[in-house]
Amino acid sequence: MSTQDYDWKPLFERMPELLAPSMAKDHPNLPVVKEEGCYYYGVDGKKYLDFTSGIAVTNTGHRHPKVVQAIKDAADSLLHGPSGVIMYDSILKLADQLQTVLPTGLDCFFFANSGTEAIEGGIKLAKHVTERPYVVSFTGCFHGRSLGALNVTTSKSKYRKFLNPSGSYQIPYFDEDECPQGTDDCIAFSVKKLEKDFHKLFQHQVQPDEVACVILEPVLGEGGYIIPPKEWLQKIREICDQHDILLIFDEVQTGFGRTGDWFAAQTFGVTPDIMAIAKGIASGIPLSATVASAELMQKWPLGSHGTTFGGNPIACSAALATLDVLKEEKLIENAYEIGHYAMNQLENLRLKYDHVIRSVRGIGLMIGIEIVDPDTQKPSGDALLRILDLALEKGVLFYLCGNEGNVIRMVPPLIVTKDQIDAGLNMLEEAIE
Ligand code: PLP
């Protein structure tokens, strides 16, 4: 029997016994049979507008024909390319192409399969190069779920329960509540606070010359879509430079057009020493990279890192097609323009439903809508789940984030149109009503 002959519905019902809860119990677990453009097609025969894009993965839209064709063409000649044993043109072409869209100086690549691996690679690289043992990360940031990545992840404390997080120290992330309007005064206050936090850390917990790297998401993703001012990020760069600490940007979620630029580093004008890129790189095929200067990479001892599947020919070909589509269809410009449009529409919605929507935050097409309980005005994951369930019934898929699970994340594919934004937000409004 081929897989096509299965009746999928009974199989979906058996999901809890077939898959571990962490794969099967998240929200909303929409059973789908097909994806195309900005839509998922459910087993129920309904079409769902997708405002999640696999959390910033399918930036070019689902199954973009050029990406699908590139995958088919690649599969006709090579499926696997274990690094170090053979070499093939797509991995070199990809590195060459990525050089042209990354900030100057970030031009050498170690390809892997997932965001987590790219992060682990970055931290390992920093420790090897500096010969220092410690890492500083930021509260609320998410960097993956492997043991190494969890050491620097605090976005959900439950992830860290069983860890002994020795080797990493945390500094508070930019606090949106202290600077909601982004005025010069409150930005200056936040920057001062950041300086004080580092000062305290270096005085009482760890010597700066023991710190290999500082790692953070330049825009807080999983932790609730918080956008720090560029001055705050610039100060981190300055502090790192002062102490010869390497700066790592986790651009797993922000990369490949999400913020309205190729990378958040460009949006904020701050270049890290090491960058982790993944998600949007290959439109859904597993691929990631740790990126640094060739000079830094040369200092990474040969054999101290490796991969079986990283940068395989199928993924690299999908990534090359993804880069072409992002350029040809001007999707990064679209993210910027439609992002502004969506933020305006959402601001109107917030004014109308200010007892439910506490704030709307966004950069490009990376938007968070913070939901509170209408009675208590406290962050409410329950209210959010009710809204998301109703919105899904109406035909639009959103996903949640935030430390309290009360932020709706709106990350549609970058091909989304104004009409689709309007349609999705109308369904969201009906759900809120
Ligand atoms: N870093 C960030 C900012 C992420 O959003 C994620 C995934 O959501 C990761 C790292 C981990 O990536 P992956 O799930 O591909 O390992």
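A: In this predicted model, the centres of domain 1 and domain 2 lie 25 Å apart, taken over C-alpha atoms. The contact between them draws 25 residues from domain 1 and 30 residues from domain 2. On the domain 1 side, these elements each give two or more residues: helix H4 (53-56), helix H14 (331-352), strand S11 (357-363), strand S12 (366-371) and strand S15 (407-410). H14 supplies the largest share of that side, five residues. By type, the domain 1 side that touches domain 2 divides into 14 nonpolar, nine polar and two charged residues.

The domain bounds come from a domain assignment. Domain 1 is made of two segments, 3-60 and 330-432. Domain 2 runs over 66-328.

Now to helix H10, residues 230-242. H10 has 13 residues. From first C-alpha to last, H10 reaches 18 Å, close to the 18 Å expected at 1.5 Å a residue. Which residues of H10 are buried? They are Trp232, Leu233, Ile236, Ile239 and Cys240. These five sit on the same side of H10, because they cover an arc of only 115 degrees around the axis. An α-helix has 3.6 residues a turn, so residues three or four places apart point the same way. Glu238, Asp241 and Gln242 are exposed on the other side of H10.

The cover over the buried residues of H10 includes helix H9 (184-204), strand S7 (211-216), strand S8 (246-250) and helix H11 (264-268). After H10 comes aspartate 244, with a positive phi near 55 degrees.

Next, the ligand. There are 15 residues around the ligand, and Ser114, Gly115, Thr116, Gly144 and Val252 come nearest. Helix H7 (residues 115-130) gives the largest share of this shell, three residues. The shell divides into five nonpolar, seven polar and three charged residues.

Is leucine 98 buried or exposed? Leucine 98 counts as buried because 22 C-beta neighbours lie inside 10 Å, and the cut-off for buried is 20 or more. Alanine 212 is 114 residues away from leucine 98 along the chain. The C-alpha atoms of leucine 98 and alanine 212 are separated by 26 Å.

Methods: Residues are numbered from 1 along each chain as its sequence is written. This is a predicted model: local features need pLDDT of at least 70, side-chain atom pairs count only at pLDDT 80 or more; totals for chains, interfaces and linings use all residues. A residue is buried if 20 or more other C-beta atoms lie within 10 Å of its own, exposed if 12 or fewer, and partly exposed in between; C-beta atoms are placed from the backbone. Helices (H or I, at least four residues) and strands (E, at least two) are DSSP runs, numbered from the N terminus. The expected span of a helix is 1.5 Å times one less than its number of residues. The arc is that of the directions from the helix axis to the C-beta atoms. Two residues are in contact if their C-beta atoms, placed from the backbone, lie within 7 Å. A residue is near a molecule or strand if its C-beta atom, placed from the backbone, lies within 6 Å of it. Ala, Val, Leu, Ile, Met, Phe, Trp, Tyr, Cys and Pro count as nonpolar, Asp, Glu, Lys and Arg as charged, and the others, Gly among them, as polar.
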